[in-house]
Every structure is written in C-alpha cells, then in structure tokens.
Amino acid sequence: MAKSAFLAEAKARGFVFQCTDEAALDEACAQGRIAGYAGFDLTADSLHVGHMIPIMLLRLFQKHGHKPVAVVGGGTTRIGDPSFREEARQLLTDAQIAANLKGIVKNLEAFIAFGGGPQEALLVNNADWLDRLSYIDMLREIGPHFSVNRMLSFDSVKSRLDREQGLTFLEFNYSILQSYDFRELNRRHGVVLQMGGSDQWGNIVSGIDLIRRTDQKTTFGLTTPLITTASGAKMGKSAAGAVWLSAEKLSPYHYWQFWRNTEDADVGRFMRLFTDLKLDEIARLERLGGAEINAAKIILATEATGLAHGRAAAEEAEATARKIFAEGGTAEGLPTVAIPAAEFGAGLPAFALFVRAGLAASNGEARRLIRGGGGRLNDVVITDEGQILPPAAEMKLSAGKKQHVLVRVSE
C-alpha cells in the first residue's frame, strides 16, 4: 500500500504500469513536494485523446501538492520520436513547430494550472537548451555513458529494425536527447521524476542512468499502460479520425459524443483515468446495468468534456444530444459544416458528402455506412450510396444513431 497520496491514487485509478523504484519514489512523495515532468512533442497544432493519460497524470500530481513540469519538444520534434512507429515521422519546419506550440500550450492550460508558485506548473521548451548544443561537445560529455548494445535492445528500437523502413541515425539520437532533457530538467528545476507511456521505458531508464553516472543523483521513472478500448481499439481515434482536444479541430459536441460512445465495459476504467470524479462515486456508477449504464456514459462524457472545453460547453453538448435523441429534433448547437456552393456544384454523391462532413474517414467507409443503412439525410435513410444530393440551405446528416452534423451551403 502506497504511503503517499499521489502514488496511492495514481495506482487506484490505473495510471501505474512500471516504476523504477516504487518504494523510494513513494517515500520521496510522502516526505514533501517533488517536481516531475512529462513531455509533448509538437507534431500537430493540437493534442488528442491519446495524450490524455500523461496530461491527467500531471493534473493528479498537482492535485496532491507536487510541481508538474510540462515539457514541449521544440527541440526533439525536429528529430521525431521513433518509438514503436512503423516509419519515420515527417520532418517539420521551424515555422510549423512554432505554430503547433501555440495550440498545444492552449490544450495543456485547460488541464493544468501554470504559474510561478511552488505548486503551480512550469511550461518548459527543450529547444531552450537543445538548440544551443555543440554536437562534438555533447558526444564527448555524454556519449561514453550510452551503450549502443543496450539501446539496440529497447523494444521501441527492435520493432523498427525488423521493418522494411529501418531506423535512421537521426531517429536513433532521440533517446540520447530525451535523456539529456531529464538531466537538464534536474539541474535547472530539481525535477526527479519522469512520467511517460510504456513505450518510453527505455528512454526514461537511460535518462536516470545518465543522471546517476554524471551527477551522482537518484531520480525516478514512472510509466503508464497503453490504453485500449475493451474491443482492442487504440485510444485517440474515432471513425472520422483523431479525437483532437482543440475545439477548432473537433467541436465540443463531437468530443462529448466520443466519450458518450464508450463501450459498456470501459465506463468505470475511463472515469478513473479521464475525469476527476471521486473513486467511490465511480464504483457506484460502474455497477449500473442495463439501460442505466447510459446515464453513467453521459456523466463520463460531460465530465471529460468539461475538463477540455469548460463546463458550459460540456453541458451545452449534453443538452444538444438530449434534444436530438430524446426529442427527435434538430438542435441549434449541432456541429455545423459549411460547404461553399462552388464546391457543392449541382450536388455531391451521398458517400462523398459524408466524408466531407467528417462522418466517415474515407469513401469506402462512407459507402459501407450507407449500404448498412446507417446513413440518413434529414432523418430519412439513404438507400443509394451514389445518390446525388443537391445543395440545400441546411441538411442534417446522420451516421448511425449518435453522430449528427448540419451541412450548410455557403456562398
């Protein structure tokens, strides 16, 4: 049983997969405030649901009186994390990285309280030190402390060595730079804990080892489990693509719907991981059966959406859904997609309109949806996937019973 409030609740909620020295970390947390970090590379202009585990862990860390440090990878994004990826990431320009930074900072600020106080979070960009490194000096200083044999043994590296597109030398440096980050954060801000996904275990351990060898200090690593749904799907994706945290990329209503569509078997687990609900209340809700489980899903969706977009937007999304599903009507708060009249022309095939409206990820998926009777226009089932839908001032498109969009033709 953990002695510290942070580790006890982190374990109870399902955040802990591996820990380098759990007893020592527990003791350090119990004795007083510590600083811990998680990193976020700037590969897009928004984070998505797949990033929620480290975000919520930083939030929990702050709740229990510790100092979270959110590290944005202005430097490491220029290389790209190869962990368990089938191929190398597309390299971004400095302008793209700078633009992505703004969106990601906005995402983080919704969940974590930043500021100058002892318990308030720090936002740090690793470009501040990585961009200033002299390659030869870095190699001479820390190169002797890394074993290539050991680095090749990491699962995240081995998974790429067996693929058609091998691991580039550029990507191979990522682990070294992440280790350098940990040491720099320890020196600058007293950070003693790195938190990350299970795919980061090898990189985290390398950073701990570097700090021990060069600075003779003890630090810790904690990894979280890979989160999949009960049916085995990876978190962070929906039929229409990534579940973004930015309202500009995904409306609060669609975000709410993502959580509302949670599988029955996942409701309790997702409440523990993705909301601030108390554990005893979650235990009560996950015992609900039959139709009552839908009430628990609505609570999950509203709580999760409230964290990302604010309580007002979450309650508006809930009210919109209730009006559509319970009353069978069209609600003003329904997500809207504007299509220019010039693009619409005389009309669009039904399958193409579903893709354009974001209700299907591809033409093939849209065709299958309509063939299966799941596509509706103004609540009427579409029977022909190739049916030409002429432009109208406003059209309600539905994919199944739970996804709805208003399509408006604009000048």
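Is Glu385 buried or exposed? Glu385 is buried, with a relative accessible area of 14%; here buried means under 20% relative accessible area, exposed over 50%, and partly exposed in between (1.4 Å probe, protein chains only).

A word on the ground rules. This is a predicted model, in which local features need pLDDT of at least 70 and side-chain atom pairs count only at pLDDT 80 or more, while totals for chains, interfaces and linings use all residues. Residues are numbered from 1 along each chain as its sequence is written, and side-chain values use heavy atoms, with hydrogens and water left out.

Let's start with the sheet. Six strands make up an open sheet with mixed pairing, in the order β1-β6-β5-β2-β3-β4. Helices (H or I, at least four residues) and strands (E, at least two) are DSSP runs, numbered from the N terminus, and two strands pair if DSSP finds at least two bridges between them. The edges belong to β1 (18-19) and β4 (122-125), each of which pairs on one side only. Elsewhere in the sheet, β2 (residues 35-41) runs parallel to its partner β5 (residues 191-197), with three bridges between them.

Helix α2 (residues 22-31) touches β1, β5 and β6 (220-224), and its direction makes about 105° with that of β6. Helix α10 (residues 174-189) touches β2, β3 (67-73), β4, β5 and β6, with its direction at about 145° to that of β5. Contact means heavy atoms within 4.5 Å; axes are lines fitted to C-alpha atoms, for helices over the stretch in contact, and angles run from 0 to 180 degrees between N-to-C directions.

Next, the salt bridges, each a side-chain nitrogen of Lys or Arg within 4 Å of a carboxyl oxygen of Asp or Glu. By this rule the count comes to 25. One of them joins Glu9 to Lys63, with the closest N and O atoms 3.1 Å apart. Glu9 sits in helix α1 (residues 5-13) and Lys63 in helix α3 (residues 52-63), so this pair ties together parts that are 54 residues apart in sequence. Glu9 counts as buried at 12% relative accessibility, whereas Lys63 counts as exposed at 51%.

Arg78 and Asp131 form another salt bridge, their closest N and O atoms being 3.1 Å apart. Arg78 belongs to the loop between β3 and α4 (94-109), and Asp131 to the loop between α5 (127-130) and α6, so parts 53 residues apart in sequence are tied together. Arg78 is partly exposed at 38% relative accessibility, and Asp131 is partly exposed at 46%.

That brings us back to Glu385, which forms a salt bridge with Arg371; the closest N and O atoms are 2.8 Å apart. Glu385 lies in the loop between β12 (380-381) and β13 (388-389), and Arg371 lies in helix α19 (residues 363-371), so the pair ties together parts that are 14 residues apart in sequence.
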